[in-house]
Amino acid sequence: MTVLGRLLPLAFRLAQPLARVKRGVSLGVRGAVFEANGRVLLVRHTYAPGWHFPGGGVEPGETAEEALGRELMEEGGVGLTTRPKLFGVYLNRPASRRDHVLLFVCRDWTREREPRLPTLEIAEIAFFWPAALPDAVSGGTRRRLAEIVDGAEQSADW
């Protein structure tokens with residue numbers, strides 16, 4: 001791992017408190033991107049453990065759908081072909097009592113480009129069967145998949 005690769009997780013942890021002070025509430029988006037056969041796209045970041053839905057923060061002047069489209073392209077080379085369906089709004093208490101996540105289900109998309117991995121942000125991307133997820137899938141991602149795929153009761157917490 002490069003020096004920059006080692007410094008990125010530290011920089012991310014140091015920037016979070018500043019972002020919390022600067023913004024009253026933070027808003028992020030995540031996309032549950034499904035292939036036609038039912039497999040779901042997950043990413044493994046360089047700065048956080050586990051597998052997650054692709055996504056990130058909504059920037060000033062950007063709609064949530066624009067942020068989702070940008071993040072899906074950046075992280076997975078995925079281009080949306082129709083509007084994604086908003087599945088839920090969650091409070092991400094482990095991150096902050098001010099952090100909210102909008103989860104979209106994306107079934108209509110194309111692969112615009114093959115991602116060149118690893119990058120400074122993304123270590124791996126892969127499609128998984130929801131019934132055969134790797135052990136390292138984050139708890140929030142695992143719970144959301146149970147809600148989407150299995151019809152589990154939807155929570156207000158990520």
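**Architecture, cores and aromatic pairs of the chain**

Trp158 counts as buried, at 13% relative accessibility; buried here means under 20% relative accessible area, exposed means over 50%, and partly exposed lies in between, with a 1.4 Å probe and protein chains only. The model is predicted, so that local features need pLDDT of at least 70 and side-chain atom pairs count only at pLDDT 80 or more, while totals for chains, interfaces and linings use all residues. Residues are numbered from 1 along each chain as its sequence is written, and side-chain values use heavy atoms, with hydrogens and water left out.

The chain contains 3 helices and 9 strands, defined as DSSP runs (H or I of at least four residues for helices, E of at least two for strands) and numbered from the N terminus. Their order from the N terminus is α-β-β-β-β-α-β-β-β-β-β-α. Of the 158 residues in the chain, 39% are buried. Contact denotes heavy atoms within 4.5 Å; among contacts between residues at least 6 apart in sequence, 67% join residues at least 24 apart.

An open sheet is formed by 4 strands in the order β4-β1-β7-β6, with mixed pairing. Two strands are taken to pair if DSSP finds at least two bridges between them. The edge strands, each pairing on one side only, are β4 (55–57) and β6 (85–91). From one strand to the next, the twist averages 20°. Strands β1 and β7 run parallel and are joined by 8 bridges, whereas β6 and β7 run antiparallel and are joined by 6 bridges. Strand β7 is largely enclosed by the rest of the structure, because 7 of its 8 residues are buried.

Helix α2 (residues 64–76) lies across β1 (26–33), β4 and β7, and runs at about 60° to β1. Helix α3 packs on the sheet and touches β1, β6 and β7, its direction making about 145° with that of β6. Axes are lines fitted to C-alpha atoms, for helices over the stretch in contact, and angles run from 0 to 180 degrees between N-to-C directions.

In soluble globular proteins, nonpolar side chains tend to be buried together. A nonpolar core is here a set of buried Ala, Val, Leu, Ile, Met, Phe, Trp, Tyr and Cys residues joined through side-chain atoms within 4.5 Å. The largest such core has 16 residues, and those with the most contacts inside it are Phe34, Leu42, Phe53 and Leu103. At least two residues of this core come from each of β2 (40–45), β7 (99–106) and α3 (139–150). The most is given by β7, with 3 residues. Apart from this core lies another, of 14 residues, among them Val29, Leu72, Cys106 and Trp109. Beyond four places in sequence, the residues touched by Leu103 include Ala32, Phe53, Tyr90, Ile148 and Trp158.

Ala32 belongs to strand β1 and is buried, with a relative accessible area of 0%. Ala32 stands opposite Val105 in β7. Leaving aside neighbours within four places in sequence, Ala32 is in contact with Val40, Phe53, Leu103, Phe104, Val105, Cys106 and Ile148. The C-alpha atoms of Ala32 and Arg107 are separated by 8.3 Å, although the two residues are 75 apart along the chain.

The whole structure holds 3 aromatic pairs. Rings of Phe, Tyr and Trp (its six-membered ring) pair if their centres lie within 6.5 Å; planes under 30 degrees apart count as stacked, over 60 as edge-to-face and the rest as tilted. Tyr90 and Trp158 form an edge-to-face pair, 5.3 Å centre to centre with 80° between the planes. This pair links distant parts of the chain, since Tyr90 is in strand β6 and Trp158 in the segment after α3, 68 residues apart. Tyr90 is buried, with a relative accessible area of 0%. The pair of Trp109 and Phe127 is stacked, because the ring centres are 5.8 Å apart and the planes lie at 10°. Trp109 lies in strand β8 (residues 109–111) and Phe127 in strand β9 (residues 122–128), so this pair ties together parts that are 18 residues apart in sequence. Trp109 is buried at a relative accessible area of 19%, and Phe127 is buried at 17%.
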